[in-house]
Amino acid sequence: MFHLKINDQIDLKSLEKNDAKELFNVVDHERDYLRKWLPWVDSMKHYTDYEPIIEMWLKQFTMHDGIQAGILHNNKLIGMIGFHGIDWTNKKTSIGYWLSEGYQGKGIVTEAVKAFIGIAFNEYKLNRIEIMCGVKNEKSKRIPERLGFTLEGTMRDAEYLYNHFHDCYLYSLLSREWN
């Protein structure tokens, strides 16, 4: 199990099957907001839809293929962050994240991403981290920009969101660039 205390209010931790209901409730409450940028939101119709996914996340962690962690604010689940998987051959990974709308603008995701950068570069000894986000997702793209990632380019029609494709920016950070 993964658990990391960021500060007095913020923790990152692996979710367990008994967290499925809380995770579903957060996503369900934020459904209209999250579906603007996340292609999987509409497929989550019941808390039991998360049970096999959480099981997969735990397996991913035990197989050293990434970490998926709940973002907790005062022990309340408010979002998720994770490595999508780890390419050990090329020593790289990508980070994804989402946060409940009411908790944005407080630096929570920035601190969580910093923690994951530290894990990737210091513990896993990876060389490259990528973050992909929608070209029009202003809040999301501020995170890699704030943390010194390089904008490598625009990936045209990179993601399908319900009834349309949208362009995404690809950001990267190399271990030698991280202080």
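1. Let me start with a loop. Lys91 sits in the loop between β4 and β5, and its phi is near 55°, a positive value in a residue other than glycine. That is worth a glance in your viewer, because most residues other than glycine have a negative phi. Lys91 counts as partly exposed because its relative accessibility is 43%, which lies between the 20% and 50% cut-offs. Please keep in mind throughout that this is a predicted model.

2. A second residue belongs beside it on your list. His64 lies in the loop between α3 (51-62) and β3. Phi of His64 is near 60°, again a positive value in a residue other than glycine. His64 has a relative accessibility of 54% and therefore counts as exposed, the cut-off for that label being over 50%.

3. Now for the fold as a whole. The protein chain has five helices and eight strands. Reading from the N terminus, the order is β-β-α-α-α-β-β-β-α-β-α-β-β. The C-alpha trace spans about 40 × 35 × 30 Å along its principal axes. How does the radius of gyration agree with that of a compact globule? For 179 residues a compact globule would come out near 16 Å, and the protein chain has 16 Å, so the two agree.

4. Of the 179 residues, 48% count as buried. Among contacts with a separation of 6 or more, 58% are between residues 24 or more positions apart. The chain exposes about 9,700 Å², and carbon and sulfur atoms supply 49% of that area. As for charge, there are 23 positive and 25 negative charges, and their mean positions are 3 Å apart.

5. Leaving aside neighbours within four places in sequence, Ile117 is in contact with Ile95, Asn122, Ile129, Leu147, Phe149, Leu173 and Trp178. Asn122 is partly exposed because its relative accessible area is 49%, under the 50% cut-off. Asn122 and Ser175 are 53 residues apart in sequence, and their C-alpha atoms are 8.8 Å apart in space.

6. Ser94 is found in strand β5 and is buried, with a relative accessible area of 19%; the cut-off for burial is under 20%. Beyond its neighbours within four places in sequence, Ser94 is in contact with Gly82, Phe83, His84, Gly85 and Glu130. Ser94 and Leu151 are 57 residues apart in sequence and 14 Å apart in space, C-alpha to C-alpha. The other serine, Ser140, has its place in helix α5 (residues 138-146). At 13% relative accessibility, Ser140 counts as buried.

7. Finally, another loop residue. Where is Leu38 found? Leu38 is in the loop between α2 (31-34) and α3. Is Leu38 buried or exposed? Its relative accessibility is 16%, so Leu38 counts as buried. Setting aside neighbours within four places in sequence, Leu38 is in contact with Trp98, Leu161 and Tyr162. Leu38 and Phe165 are 127 residues apart in sequence, with 12 Å between their C-alpha atoms.

Terms used:
Residues are numbered from 1 along each chain as its sequence is written. This is a predicted model: local features need pLDDT of at least 70, side-chain atom pairs count only at pLDDT 80 or more; totals for chains, interfaces and linings use all residues. Side-chain values use heavy atoms; hydrogens and water are left out. Helices (H or I, at least four residues) and strands (E, at least two) are DSSP runs, numbered from the N terminus. The radius of gyration is taken over C-alpha atoms; the globule rule is 2.2 Å times the number of residues to the power 0.38. Buried means under 20% relative accessible area, exposed over 50%, partly exposed in between (1.4 Å probe, protein chains only). Contact means heavy atoms within 4.5 Å. Accessible areas come from the Shrake-Rupley method with a 1.4 Å probe; for residues, only the protein chains shown count as cover. Lys and Arg count as positive and Asp and Glu as negative; His and the chain ends are not counted. The place of a charge is taken as NZ of Lys, CZ of Arg, CG of Asp or CD of Glu.
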